[in-house]
Amino acid sequence: MSQQQEAIEQDALFIGGEWTAPQGGGRIAVVSPSSEQQVGSVAEAGAADADAAVAAARAAFAARGGWASWEAARRADALDAFADAYERRAGEFARRVSLQNGMPIAIASRIEAGIPLAVYRYYAALARALPAVERRAGVLGGSIDVRRHPVGVVAAIVPWNFPQTLTAFKLAPALAAGCAIVLKPSPETVLDALLLADCARDAGLPDGVLNIVPGGRELGACLVAHPGVDKVAFTGSTAAGRSIAEVCGRLLRPVTLELGGKSAAIVLDDAELEGAVEQLFGATLLNNGQTCFLSTRVLAPRARYDEVVELLAALARGLTVGDALDPQTEVGPLATSVQRERVRGYVERGRADGARLVAGGGVPAGRECGWFLEPTVFADVRNDDAIAREEIFGPVLAVIPYDGEDEAVALANDSPYGLGGTVWTRDLERGAAVAARMQTGTVGLNAFLLDPAAPFGGVKASGLGRELGPEGLAAYQHVQSIHGVAETTSTAAGQTASV
Ligand code: NAD
């Protein structure tokens, strides 16, 4: 168990392919949310270390004959080798994530051990498949070569909730495109991030292509504004995203922002929920409710409202809450004590606003040590209540009644956010038609799934840009057109030829 394991200590930063002594004296202590015990500590990077990391990345990016100018297939081989190195350590990645952020190990072993692998391999395959140059017939005559170049040095800033998956969403396409990266993990999850240095070495990534600097928001802000950074890739809160967008706007620096959510589950009148309890859990409460895309507003048809409320309450009451490293645990602790207090504040707010508490709401019996909270369900919530509008980021569901499909779609779209969402129905065509009316980046039918090929991201306060899919690769490339490369006879718009 976590407490008996030796603490993980790291005194150096990974810069320019070397473990490098930090220039400041700060340390980040990592505390297990299951036991409240310190489980490790790492050296904290400061502004001078950020300078060194960006300089190492710039040197790697600019090196003649270096990473950025490698054939795409050679980079793809390195990315596959990186995936192999990750796979060899997948169990340790899952364990460290679970230890630090409270994600149940059964979930970490599936998601944090598995999804990054699929993403690294997907982008390796995509880099091999996509032509670096596409020849187009010009509408006004002649031919044009459209070239895709790596955008340069990327500052990748990630949160603690799915640290490896969200890192892979940035690292894999950035590496496939030929960029060099400075990765800043969240202070809560630094022990897993530093393991990536071993993967980079095993895979033979040139020195400086991946640099890892643990630190907090000040370090993040320093990287966002750094003159040596060409692009920012951020996942985190909407508040931080807005401030990063302001800086990038002023600098005209490309930025991808994956931010918060308050997604809706539309339960249609023909939904079959009894047999879909596991999928419902995955779509609404996964990772102790600390998942950006969760459908935490459940919209139920009035005729089936009581049934849906009872089903969700029974689901919440039946979940096993416990130490994140226990394989039986379905709901672990919240990641920090601050986070638990925030979520408890929302439970109080729900009560004060007149919502009906039908499950949970308190600290589970016998779980006074650790930052646990019972899975919680509120019924009779209005869509304009705070618990239906604001992102809680904890295991708290709001069930809202609706009359007719149009009202369900209107309620789903009446949100400051637009990240995920689900539709529950036996009729997949009807479900897809309802999904298409939802103003949100990704919708799942009868479950919520991520796929490396499916672009992921949000609208409104949920962010800008997309990760995953070919769109996720394009976010790390700039496009250059070279005119007059050859005479052609065809002038049809859109005709293309690979060279
Ligand atoms: P956070 O915004 O506080 O921190 C995220 C990361 O950004 C951390 O590494 C932090 O150190 C850094 N940071 C914070 N402020 C910064 C600033 N001004 N400039 C630069 N860096 C800064 O978020 P969090 O509490 O760690 O994570 C939870 C949030 O992340 C939730 O809102 C959740 O919805 C969101 N999230 C979104 C997605 C998505 O894909 N849309 C995925 C997971 C989490």
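# Pockets, cavities and sheets: worked exercises

The lining of the largest pocket comprises 21 nonpolar, twelve polar and eight charged residues. In these classes, Ala, Val, Leu, Ile, Met, Phe, Trp, Tyr, Cys and Pro are nonpolar, Asp, Glu, Lys and Arg are charged, and the others, including Gly, are polar. The model is predicted: local features need pLDDT of at least 70 and side-chain atom pairs pLDDT 80 or more, while totals for chains, interfaces and linings use all residues. Residues are numbered from 1 along each chain as its sequence is written, and side-chain values use heavy atoms, without hydrogens and water.

## Exercise 1. The domains

Task: State which domains the assignment gives to the protein chain, and how many residues of each are in contact.

Solution.
1. Domain 1 consists of 8-259 + 458-496, and domain 2 of 264-445; these bounds come from an automatic or database domain assignment.
2. Taken over C-alpha atoms, the centres of domain 1 and domain 2 are 31 Å apart.
3. Contact (heavy atoms within 4.5 Å) joins 30 residues of domain 1 to 36 residues of domain 2.

## Exercise 2. The largest pocket

Task: Find which residues lie nearest the centre of the largest pocket and which element gives the largest share of its lining.

Solution.
1. A pocket is an open set of points on a 1 Å grid over the protein atoms alone, with protein on both sides within 12 Å along at least five of seven lines; a cavity is a set where a 1.4 Å probe fits but cannot get out; lining residues have an atom within 4 Å of a point.
2. The largest pocket holds about 1,000 Å³ of space, a volume being the space filled by probe spheres set on the points, which are joined across faces, edges and corners.
3. Its lining has 41 residues, and Arg-217, Phe-234, Gly-236, Ser-237 and Ala-240 lie nearest the centre.
4. Two or more lining residues come from each of α7 (217-225), β11 (231-235), α8 (238-251) and α11 (337-352). Helices (H or I, at least four residues) and strands (E, at least two) are DSSP runs numbered from the N terminus.
5. Helix α8 gives the largest share, six residues.
6. Domain 1 and domain 2 each supply at least three residues to this lining.

## Exercise 3. The second largest pocket

Task: Explain why the second largest pocket lies where it does relative to domain 1 and domain 2.

Solution.
1. The space in this pocket is about 670 Å³.
2. Of its 32 lining residues, Arg-110, Ile-111, Gly-282, Leu-286 and Phe-448 lie nearest the centre.
3. The elements giving two or more residues are α4 (105-129), α5 (163-177) and α9 (277-284), with the largest share, six residues, from α9.
4. By class, 22 lining residues are nonpolar, seven polar and three charged.
5. Both domain 1 and domain 2 give residues to the lining, so the second largest pocket lies between them.

## Exercise 4. The cavities

Task: Determine how many cavities of 30 Å³ or more the structure holds, and describe their linings.

Solution.
1. There are two such cavities.
2. The largest cavity has a volume of about 100 Å³; its 15 lining residues include Arg-297, Ala-412, Gly-420, Gln-439 and Thr-440, which lie nearest its centre.
3. Here α13 (405-413) and β18 (417-418) give two or more residues, and the lining divides into five nonpolar, seven polar and three charged.
4. The second largest cavity, of about 80 Å³, has among its lining residues Lys-262, Cys-292, Glu-391 and Phe-393.
5. Its lining counts four nonpolar, five polar and two charged residues.

## Exercise 5. The sheets

Task: Give the strand order of the open sheet of three strands and of the open sheet of seven strands, and name a helix that packs on the sheet of three.

Solution.
1. The sheet of three runs β1-β5-β4 with mixed pairing, where two strands pair if DSSP finds at least two bridges between them.
2. β1 (8-10) and β4 (27-31) are its edge strands, and the twist averages 15 degrees from one strand to the next.
3. Helix α6 (residues 191-203) packs on this sheet, touching β1, β4 and β5, at about 55 degrees to β5. Such angles run from 0 to 180 degrees between N-to-C directions, with axes fitted to C-alpha atoms, for helices over the stretch in contact.
4. β4 and β5 (residues 38-43) pair antiparallel over five bridges; the bridge partner of Val-30 is Gly-40.
5. The sheet of seven has the order β15-β16-β17-β14-β13-β19-β20, also with mixed pairing, and its edges are β15 (356-359) and β20 (444-445).
6. β19 (residues 422-424) and β20 pair in the parallel sense over two bridges, with Thr-422 opposite Gly-444.
7. α9 lies across β14 (297-301), β17 (396-402) and β19, at about 160 degrees to β19.
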